[in-house]
Amino acid sequence: SSNTTSGSKKSFVYSGVDFDNCGIVHHLMSSVSKSNSSTHPIQCSRCSNGQGTAYDPLFNVSTTCCTSNSIPNEWWMFDFGSTRAVNPVMYTLKHGYTSGYALKHWNLEGSNDKTTWVCLKSHKNDQSLAQSSTKIKTYMIPSQSSSFRYLRIYMTDKNTNNSWTFCLGGVEFYGELYEGT
């Protein structure tokens, strides 16, 4: 079910180059200050704090950014706000550590209430981030018609170092952005 169907709709298309400044995150975040996170158009949270901040992936950082290894099924959530919804068709992830600890088993999920989550893309034993020379990978999302206020990356099993630490240095989403009430 769509969160926002009235208002404006904009399409964001992946150019073939990672972090191409053509995505939804860049569109919403390009004019904001990194320091004042309470006013960001995208609100971020993660289930535990390791290094960096929950907001760092919005700015494609090259420093270490991760959750702790304290609980199973670590996650990172992006809230596009009460007047926005996203129907994602592709997404880009950047690993948030120098080497090792790369995501291997995870789902990209969408929700409009933070209770009911729809799996948009499932990755099982996916070594692509670990094997990427740039530590960046863009993924296709199977076509579906719903749009979501919340998108979450949810670890379904341990990373390449057999740990629940979730390292994320950058994120971008492509597809439709609905704005308005």
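Modeller: Let us begin with a charged side chain and a ring. In this predicted model, R152 lies over the face of W117, at 4.0 Å from the ring centre.

Biologist: How does one describe two aromatic rings that face each other?

Modeller: A pair of aromatic rings is described by the distance of the centres and the angle of the planes. Rings pair if their centres lie within 6.5 Å, and by this rule the count comes to 8 aromatic pairs. One of them joins Y14 and Y174, with 5.2 Å from centre to centre and 65° between the planes, an edge-to-face arrangement.

Biologist: Where in the chain do Y14 and Y174 lie?

Modeller: Y14 belongs to the loop between strand 1 (8-12) and helix 1 (24-29), and Y174 to strand 9 (residues 170-179). They are 160 residues apart, so the pair links distant parts of the chain.

Biologist: Is Y174 buried or exposed?

Modeller: Y174 has a relative accessible area of 0% and is therefore buried, the cut-off being under 20%.

Biologist: How are the rings of Y91 and F173 arranged?

Modeller: Their centres are 6.3 Å apart and their planes meet at 15°; the pair is stacked because planes under 30 degrees apart count as such. This pair also links distant parts of the chain, with Y91 in strand 4 (residues 84-94) and F173 in strand 9, 82 residues apart. Y91 counts as buried at 0% relative accessibility, and F173 is likewise buried with a relative accessible area of 0%.

Biologist: Which residues form one aromatic cluster?

Modeller: The cluster consists of F78, F80, Y91, W106, Y139 and F173. Y91 and F173, the stacked pair, are thus both members of this cluster.

Biologist: What pattern does the chain follow when read along the sequence?

Modeller: The chain has 2 helices and 9 strands, in the order β-α-β-β-β-β-β-α-β-β-β. Its radius of gyration is 15 Å, close to the 16 Å given by the globule rule for 181 residues, so the chain is as compact as a globular protein of that length. The C-alpha trace spans about 45 × 35 × 30 Å along its principal axes.

Technical notes
Residues are numbered from 1 along each chain as its sequence is written. This is a predicted model: local features need pLDDT of at least 70, side-chain atom pairs count only at pLDDT 80 or more; totals for chains, interfaces and linings use all residues. Side-chain values use heavy atoms; hydrogens and water are left out. Rings of Phe, Tyr and Trp (its six-membered ring) pair if their centres lie within 6.5 Å; planes under 30 degrees apart count as stacked, over 60 as edge-to-face and the rest as tilted. Helices (H or I, at least four residues) and strands (E, at least two) are DSSP runs, numbered from the N terminus. Buried means under 20% relative accessible area, exposed over 50%, partly exposed in between (1.4 Å probe, protein chains only). A charge sits over a ring if NZ of Lys or CZ of Arg is within 6 Å of the ring centre and within 35 degrees of the ring normal. The radius of gyration is taken over C-alpha atoms; the globule rule is 2.2 Å times the number of residues to the power 0.38.
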